[in-house]
Structures are given as C-alpha cells and as structure tokens.
Amino acid sequence: MGSPVSTIAEVGKHEGQSVSIRGWLYNLRESGKLLFPQFRDGTGVIQGVVAKNAVPAEVFDAVKGLSQESSVIAEGKVRADKRAPGGYELDVSNVQVIQRVPESDPYPISLKEHGVDFLMEHRHLWVRSPRQAAILRIRAEIIKAARDFFDGRGFVLTDPPILTPAACEGTTTLFPVDYFDEQAFLTQSGQLYIEATAMALGKVYSFGPTFRAEKSKTRRHLTEFWMVEPEVAFADLDDLMELAEGLVSFVVKRCLEKRRADLQMTGRDVSKLETVQPPFPRISYDDAVKMLQEAHKKGALESNFEWGGDLGSPDETYISSQFDRPVMVHRYPAKVKAFYMEPDPQRPELALCVDVLAPEGYGEIIGGSQRMASYDLLLQRIHEHGLPEEAFKWYLDLRKYGSVPHSGFGMGIERVVAWICGLEHVRETIPFPRMLYRLYP
Ligand code: 4AD
Ligand code: MG
C-alpha cells in the first residue's frame, strides 16, 4: 500500500498514477474473471476493476464475496472513463481488508428499497448512503454560507444560552429541565438574548440548536432544530425584509456554485433554484387572505380562509405556489403572533412582522419582526400572554435604557435544507433528527 492516499473526489488529479483509496465497499458485481467493486470514502463513489490475471490470487479472493460496508484500503491506477459516474475508474492492484463485515450478520441496509421506519431505526448507518451523505454536505454548505453572509457584513456572532428561565415562542412548546432547585427550559429561540447583545454591538447573530416540544407530527416539524438569527439595532421591517432576501439568495447561490453535483445526486431540479434572486415578492397578510379566498372560490382550496387566523400549511403551500421564488408575507394580525412584536402604527391590530415562504410548497423558512420598543406596552403583552414578569425583568430593562427600534428574524436550517434539496420531510435534513416519536438512535 505504498501509493499516495487520495480521496475519491480528488482522484482526477492522479490520472494515470497509482493511488490508495481508504473507505468502504459500497457494492460488488462479479462477472467471471472480473470483479467490479464500488468503493465509497465519504467524498464520492468510484468503481474498481479487479482482473483475475492482473492481481495476486489472494487479492482476488479477498475481494470476491466481500461483504457490503467492509472497510478497505484499495490501491490501483486511476483511469479516466467518460461513462463512470465520477469520470474515473480504478484498475485495482491490491486490496487490504481492514474489517470484514461477517456473512452471518450482514450490513442491514442493502441496496434494495427499505421502509422509512427501518431506515430511521438505522439512521447511524443510513447516513452512509450516497444520497444521505450528499444531503449532509449540502447542509454543511448552507450553514457555512449563512455564517459567511453575516460575518462578511459586520455582524458579530453572540451565542445565547440554551438553558433558559422562560418562554420566547409560547408556553405550550417548552421542554422543561430540572435546574437544581429551579425550573429551566431548553431554549426555543436565542432572540431575546441577542436583542440584548444587539444593543451592545449593533449587528449580531446567533446560530444554535433550538427546541420545541411540538406535539405535531408533520413533515416540517422537529423537536430539536438549528436556527440562525440576526438582530439589528435601528433596523425596521423593510430593512429586515431586505436582509432576509439577501441571506436566502446568497445561500442558494452558494449551493448552486459549490454543491451542484450533490444537488443533482438528490434528484433536485436545480432550474427551480436558479430563479431565487432578489427582490422577492412582498405581500401583506391582507393580500394573502384575499388570494386564499379567491382560491377557495375557484375551488383550488378546500376551506375558506377567514381574516384573523394564522396561515396553515395548505395556505402557505397555495400562496408560495403562485411565485417562482420565496415570497414574504408581512403584517399578520398581532393576535396570532408572539408577544414581542411591534404593532403597526397605522393599524395597531397588525404586527410589524414577516414570514418568508419557500416555493414549491415548502412553507415558512423564516419568521421575524420589528421588536416592541415601548416598556409599558411590552409589559402589558407579557401579562396578556401569561408570562412570568420576574423572568422578563432583564428583557424589559432593554426598553428602559436606550430603547431603539430594532428587528431580527430566525431562519430554520432544516426547513431550508429540505427546500434546497427538494426533500419530502425534514427528517433527512439533520444527522440525527429528534421528533415526536423519535429519540433513537
Ligand atoms: O417563526 P419562529 O418560531 O420564530 C422565532 O423563533 C423567532 N424568535 C425568531 C427570531 O425572530 N429571531 O421560528 C423561526 C424559524 C421558522 O421560520 C422555521 O424555519 C423554523 O424556525 N422552525 C422550525 N423548524 C423545524 N421544526 C420546528 N418545529 C420549527 N419551528 C420553527
Ligand atoms: Mg413562525
């Protein structure tokens, strides 16, 4: 095994030379005196050719009958082949088996179809499949792009706590934690804390896991998900919408630049992503309601939407299907939104908020708002929402000492991964999803 090590993604740099590939046996076809093992190493898959008359007998025998997911180091010469998926094949000269998966206990995920429950039970192995690996690479790219976006625009990363004394997004989805003699909760959002750091640093963001004890079993809900949240002093709702469309189009563009092959591997129609460029359409909640009511009249929507309710997922799906890029719905009734939103001075029954809905039925990927500036009104809302005033004393302080208009939003990473990859369900967007009935593995 004296040849230089190469990843599969980079074998092209070694065309005509011998390299060592370190990885796992993904698949094996046998055809008489030829074996066609496919190796994967986390960067890609490459087909090898083992000719009986070209290798020592023990090497041929070691590969013949080798079980799926056995770990190996394979040495061979890189040969360009237009028909090969990655453009190259490996003329194998030697294979060292690191660990042979026993015949008696084979790798459970064969290349045949499996049911979702089975795959979820084996998520620790399922992540090895080329499609799942591609999704995880795209996820990493999305996260990196979001960080680069904010880092490149003068935002300071400030990490909020995960153990918190109170709710941010409603008391019905809190995960309680025993905190010595006190009651604590896993954070639902870093927002309240980054409002404080925004008053210290101007433009800030947080990026971390957030938790919702959602009893809903939908394709959009996880109980643990990752959120990137910017918060900007002196920004109003219009500034916020510009920031949101800037972020979303930046992230999509980056994926198209750097992860096109992975997107194609997931089966994504990338032409649907090419149109994601600013400006995004902006429609008011009032207009959204009209749109939904007309859709009902035309028979395109079953139920008739009434002004005042929150948009449900069929409603979001309908609205977003009318556009070829994300659409921003602003100024919802304050009643259906969180306690901290600034009322619209023109119509105080509305909140200065925005939801960004992704196209193709993916629904809300971003939720944000201008924040309440008035101490008195904020205190009143805290009471109206049945929140413990004690726990919000520090938050109220922000309205006492140099209160300024400020705005922020949260973008859910898994929703964005699902949309960009074109996935049915958020369960495939995170290495180990946590859902209503899923805590294992
Ligand atoms: O709309 P949400 O609840 O907004 C907030 O938490 C604000 N405090 C954020 C802010 O203004 N700083 O959540 C924001 C986003 C949603 O648009 C969605 O993308 C995602 O977080 N999200 C979820 N993703 C997966 N599973 C869930 N249960 C989610 N709940 C929200
Ligand atoms: Mg929301």
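1. The side chains of Glu-121 and Arg-438 meet in a salt bridge, with N to O at 2.8 Å. A salt bridge here is a side-chain nitrogen of Lys or Arg within 4 Å of a carboxyl oxygen of Asp or Glu. Glu-121 lies in helix H2 (residues 116-121) and Arg-438 in the segment after H13, so the pair ties together parts that are 317 residues apart in sequence. Helices (H or I, at least four residues) and strands (E, at least two) are DSSP runs, numbered from the N terminus. Arg-438 is buried at 11% relative accessible area. Glu-121 is partly exposed at 36%. The cut-offs are under 20% for buried and over 50% for exposed, with partly exposed in between (1.4 Å probe, protein chains only).

2. A word on the model. It is predicted: local features need pLDDT of at least 70, side-chain atom pairs count only at pLDDT 80 or more, and totals for chains, interfaces and linings use all residues. Residues are numbered from 1 along each chain as its sequence is written, chains are lettered from A and ligands numbered from 1 in the order in which they are written, and side-chain values use heavy atoms, leaving out hydrogens and water.

3. Other salt bridges. The whole structure holds 33 of them. Arg-381 and Glu-384 form one, at 3.4 Å from N to O. Both sit in helix H11 (residues 375-384), three residues apart, about one turn of the helix. Arg-381 is buried, at 14% relative accessible area, whereas Glu-384 is exposed, at 52%.

4. Asp-397 pairs with Lys-400 in a further salt bridge, with the closest N and O atoms 3.6 Å apart. Both partners are partly exposed: Asp-397 has a relative accessible area of 29%, and Lys-400 has 47%. Elsewhere, salt bridges with shared partners link Arg-137, Glu-141, Lys-144, Asp-148, Arg-254, Arg-259 and Asp-262 into one network.

5. Glu-89 deserves a look. This residue is in strand S5 (residues 88-99). Glu-89 counts as buried, with 11% relative accessibility. Its side chain makes a polar contact of 3.2 Å with the side chain of Gln-47. A polar contact is a pair of N or O atoms within 3.5 Å; within protein, one must be able to donate a hydrogen and the other to accept it, and residues adjacent in sequence count only if both atoms are side-chain atoms. Leaving aside residues up to four places away in sequence, Glu-89 touches Ile-46, Gln-47, Val-49, Lys-77, Val-78, Arg-79, Asp-81 and Ala-84. Contact means heavy atoms within 4.5 Å.

6. The largest pocket has a volume of about 1,200 Å³. It is lined by 47 residues, and those closest to its centre are Glu-169, Arg-212, Glu-214, Glu-364 and Arg-415. Strand S11 (224-233), helix H10 (313-321), strand S15 (363-370), strand S16 (406-412) and helix H13 (413-421) each give two or more residues to this lining. S15 supplies the largest share, six residues. By class, the lining has 15 nonpolar, 18 polar and 14 charged residues. Ala, Val, Leu, Ile, Met, Phe, Trp, Tyr, Cys and Pro count as nonpolar, Asp, Glu, Lys and Arg as charged, and the others, Gly among them, as polar.

7. How pockets and cavities are defined. On a 1 Å grid over the protein atoms alone, a cavity is a set of points where a 1.4 Å probe fits but cannot get out; a pocket is an open set with protein on both sides within 12 Å along at least five of seven lines; lining residues have an atom within 4 Å of a point. Grid points are joined across faces, edges and corners, and a volume is the space filled by probe spheres set on the points.

8. The second largest pocket has a volume of about 640 Å³. Of its 26 lining residues, Thr-43, Gly-44, Val-45, Gly-86 and Arg-137 are closest to the centre. H7 gives the largest share of the lining, four residues. The lining divides into twelve nonpolar, seven polar and seven charged residues.

9. Two cavities of 30 Å³ or more turn up.
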